[in-house]
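Here is a friendly walk through one protein chain, meant to be read with the model open beside you. Please keep the viewer at hand as you go.

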Amino acid sequence: MRRIVLATRNGHKVRELQTILADLIDELDLEIVGLGEFPDLPDVVETGVTFAQNATLKAVAAAEATGLPALADDSGLAVNVLGGSPGVFSARWAGTHGQDRANLEVLLGQITDVPDEQRSAAFVCVAALALPGGTVVLRRGQMPGTLAREPRGDNGFGYDPILVVDGDTRTAAELTFEEKNAISHRGKAFRSLSADLRELLARS
Ligand code: IMP
């Protein structure tokens, strides 16, 4: 069995990635562990101003500290009429980190007067794979949609209740876990990265 570390202390994210990469995990006999297995490692400060920079910072730090191939991601909501904001600042848009409801209310307030046809947005994810030798591969995934005027749905987290998914009438918070994984920005980015993982692990 080969260990890969996912650069997060969030057990929910580790389980989510185990689901997304289930086929590859079986095929290559992988074990995906989170940073919870390495309690002494310091947290990485996300000083990047793009998803790619932050995903790279997290993956490289985890690979260097653990000596294992490391995966990381950075994600957020990009609203077209706001020039891609909140972007890397999605988690703290209302001022403090991780206040999901306050974040989406601030955002809805900012675009109250924006007509329906101008309310396009997308969840964006950059997934990074870093090998202890220094190789880094980045893959990007998007989940496009339109911003609703009121939150709807109880599943998911973050801005899920206000993104009406393209090709559907439901918000991301009205999809099941499996439905969201199948089309999510994170699902797409990590499924794309799994081809790189397969190739690089075969070589190293
Ligand atoms: P991170 O990649 O966990 O740092 O996510 C940054 C922030 O982006 C989260 O706190 C959410 O506000 C937002 N975000 C990222 N992915 C999603 C998603 O799938 N649904 C809703 N919000 C998301």
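## Before you start

This is a predicted model, in which local features need pLDDT of at least 70, side-chain atom pairs count only at pLDDT 80 or more, and totals for chains, interfaces and linings use all residues. Residues are numbered from 1 along each chain as its sequence is written, and side-chain values use heavy atoms, with hydrogens and water left out.

## The overall fold

The protein chain contains 6 helices and 6 strands. Both are DSSP runs numbered from the N terminus, with helices being H or I of at least four residues and strands being E of at least two. The chain is as compact as a globular protein of its length, because its radius of gyration is 17 Å, close to the 17 Å that the globule rule gives for 204 residues. For that comparison the radius is taken over C-alpha atoms, and the rule is 2.2 Å times the number of residues to the power 0.38. Along its principal axes, the C-alpha trace spans about 55 × 30 × 25 Å.

How much of the chain is buried? Of the 204 residues, 45% count as buried. Here buried means under 20% relative accessible area, exposed means over 50%, and partly exposed lies in between, using a 1.4 Å probe and protein chains only. The chain exposes about 10100 Å², and carbon and sulfur atoms supply 50% of that area. These areas come from the Shrake-Rupley method with a 1.4 Å probe, and for residues only the protein chains shown count as cover.

Contacts (heavy atoms within 4.5 Å) also say something about the fold. Among contacts with a separation of 6 or more, 61% are between residues 24 or more positions apart.

## Two backbone details

Most residues other than glycine have a negative phi, and most peptide bonds are trans. Two places in this chain are worth a look with that in mind.

A cis peptide bond joins Ser85 and Pro86, with omega about 0 degrees. Pro86 sits in the loop between β3 (70-79) and α4 (100-110).

Asp29 is not a glycine, yet its phi is positive, at about 55 degrees. You will find Asp29 in the loop between α2 (22-28) and β2 (30-34). Its relative accessible area is 38%, so Asp29 is partly exposed.

## Charges and salt bridges

The chain carries 20 positive and 28 negative side chains, and the centres of the two sets lie 2 Å apart. In this count Lys and Arg are positive and Asp and Glu negative, while His and the chain ends are not counted. Each charge is placed at NZ of Lys, CZ of Arg, CG of Asp or CD of Glu.

The structure holds 16 salt bridges, each being a side-chain nitrogen of Lys or Arg within 4 Å of a carboxyl oxygen of Asp or Glu. Three of them are listed here.

| Salt bridge | N to O distance |
|---|---|
| Lys58 and Glu46 | 3.4 Å |
| Asp196 and Arg139 | 2.9 Å |
| Arg170 and Glu179 | 3.2 Å |

The side chains of Lys58 and Glu46 meet in a salt bridge. Lys58 lies in helix α3 (residues 51-66) and Glu46 in the loop between β2 and α3, so this pair ties together parts 12 residues apart in sequence. Lys58 is buried at 12% relative accessible area, whereas Glu46 is partly exposed at 43%.

Asp196 forms a salt bridge with Arg139. This pair links distant parts of the chain, 57 residues apart: Asp196 is in helix α6 (residues 185-203) and Arg139 in strand β5 (residues 136-147). Asp196 counts as buried at 13%, while Arg139 is partly exposed at 34%.

Which residues does His185 touch? Not counting residues up to four places away in sequence, His185 touches Ser75, Phe123, Val124, Cys125, Gly141, Gln142 and Met143. His185 is in helix α6 and is buried, with 4% relative accessibility.

Thr19 lies in helix α1 (residues 11-20) and is partly exposed at 41% relative accessibility. Leaving aside its neighbours within four places in sequence, Thr19 is in contact with Phe177 and Asn181.
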